[in-house]
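Open the model in your viewer and keep the selection tool at hand. The stops below say what to select and what is there.

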Amino acid sequence: MAGRRRRLIAGNWKMNGLFGPGRAELGKLARKLLAAPPRGADIVICPPATLLRPFSDLLRELGAARRIALGGQDCHGAESGAHTGDLSAEMLRDAGARYVILGHSERRADHGESDASVRDKVVAAHRAGLTAILCVGETAAEREAGQALAVVRRQILGSLPESAEAANTAIAYEPVWAIGSGKTPTGPEIVEVHAALRATLAARWQEAEKVRILYGGSVKPGNAAALLGLAEVDGALVGGASLTAAEFWPIAGAGG
Ligand code: PGA
């Protein structure tokens with residue numbers, strides 16, 4: 001294996017967060033990270049797009065812009081145009097984002113996103129200079145049917161574009177049934193999927209050994225160290241527990 005991959009711990013706020021309380025929470029997290037930066041981990045917060053600019057300003061004010069990067073939660077494939085309600089990757093970048101979560105299962109379910117449309121979005125992220133956090137994961141029914149590996153292989157092959165490099169792309173394995181449920185796969189189940197993803201990538205991509213593969217789905221302060229300690233787990237995508245500094249801070253430090 002190549003040298004150890006630097007961890008990536010990303011918080012996905014989803015559709016949560018208003019200006020005042022959101023700013024207060026980010027401020028708390030930034031102060032904790034400034035006082036005791038976790039070793040060997042990149043920390044990213046992906047708030048609603050409405051908060052990217054104020055968060056970016058706050059991090060600069062606090063001198064924490066190098067400790068916490070910001071990310072969006074989706075983007076359109078085009079740079080601009082007649083797409084009411086959508087945001088381009090360039091707009092996210094302009095508002096202070098350096099990352100963007102793409103292909104999250106909630107978007108695949110709520111907005112009918114396909115592997116092909118996710119692929120277009122990953123291309124857009126790269127065009128704008130953003131790092132894509134590309135999500136894959138099986139449903140409970142797919143796992144029960146023994147299809148988990150086939151599903152994530154299909155998703156990754158269908159949504160990873162030629163423009164992907166280890167420096168501009170991370171993969172997040174997020175079993176749909178583990179998201180927000182308090183349930184997680186067992187350690188061996190997670191390792192099996194991560195290893196299968198890396199092997200699938202290695203068959204067609206020289207960067208496969210370097211790309212970070214995160215686990216997401218009910219990551220909490222109590223299970224973070226165990227999850228991040230698994231072979232092949234290079235970080236975490238954290239939903240509910242990223243909303244407060246009190247819960248996210250120990251997760252950010254758990255991988256160190
Ligand atoms: P959760 O969400 O941590 O609340 O399960 C993870 C995600 O959806 O990214």
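Two strands pair if DSSP finds at least two bridges between them; helices (H or I, at least four residues) and strands (E, at least two) are DSSP runs, numbered from the N terminus. This is a predicted model, in which local features need pLDDT of at least 70 and side-chain atom pairs count only at pLDDT 80 or more, while totals for chains, interfaces and linings use all residues. Residues are numbered from 1 along each chain as its sequence is written, and side-chain values use heavy atoms, with hydrogens and water left out.

**Strand β8**

Select residues 235-238, which make up strand β8. Gly-235 and Leu-237 lie on one side, Ala-236 and Val-238 on the other, and all are buried (under 20% relative accessible area, 1.4 Å probe, protein chains only). Tyr-215 has Ala-236 of β8 as its bridge partner. Strand β1 also runs parallel to β8, joined to it by 4 bridges. Here Leu-8 is found opposite Gly-235.

**Strand β3**

Move to residues 68-72, strand β3, where 5 of the 5 residues are buried. Ile-68, Leu-70 and Gly-72 point one way, Ala-69 and Gly-71 the other way. Strand β2 (residues 41-46) pairs with β3 over 3 bridges in the parallel sense, and Val-44 stands opposite Ala-69.

**An aromatic pair**

Select Trp-13 and Phe-55, both of them buried. Rings of Phe, Tyr and Trp (its six-membered ring) pair if their centres lie within 6.5 Å; planes under 30 degrees apart count as stacked, over 60 as edge-to-face and the rest as tilted. The model has 2 aromatic pairs by this rule. The pair of Trp-13 and Phe-55 is edge-to-face, with 5.5 Å centre to centre and 85 degrees between the planes. Trp-13 sits in the loop between β1 (7-12) and α1 (19-35), and Phe-55 belongs to helix α2 (residues 52-62), 42 residues apart.

**The ligand**

Which residues are closest to the ligand? Among the 13 that surround it, the closest are Lys-14, His-104, Glu-174, Gly-180 and Ser-218 (a heavy atom within 4 Å). Show distances next: a side-chain N or O atom of Lys-14 is 2.7 Å from an oxygen atom of the ligand, and a polar side-chain atom of His-104 is 2.7 Å from a ligand oxygen atom. At Gly-240, a backbone N or O atom lies 2.8 Å from an oxygen atom of the ligand. The protein covers 97% of the 280 Å² of accessible area that the ligand has on its own (Shrake-Rupley method, 1.4 Å probe).

How values were computed
A polar contact is a pair of N or O atoms within 3.5 Å; within protein, one must be able to donate a hydrogen and the other to accept it, and residues adjacent in sequence count only if both atoms are side-chain atoms. Buried means under 20% relative accessible area, exposed over 50%, partly exposed in between (1.4 Å probe, protein chains only).
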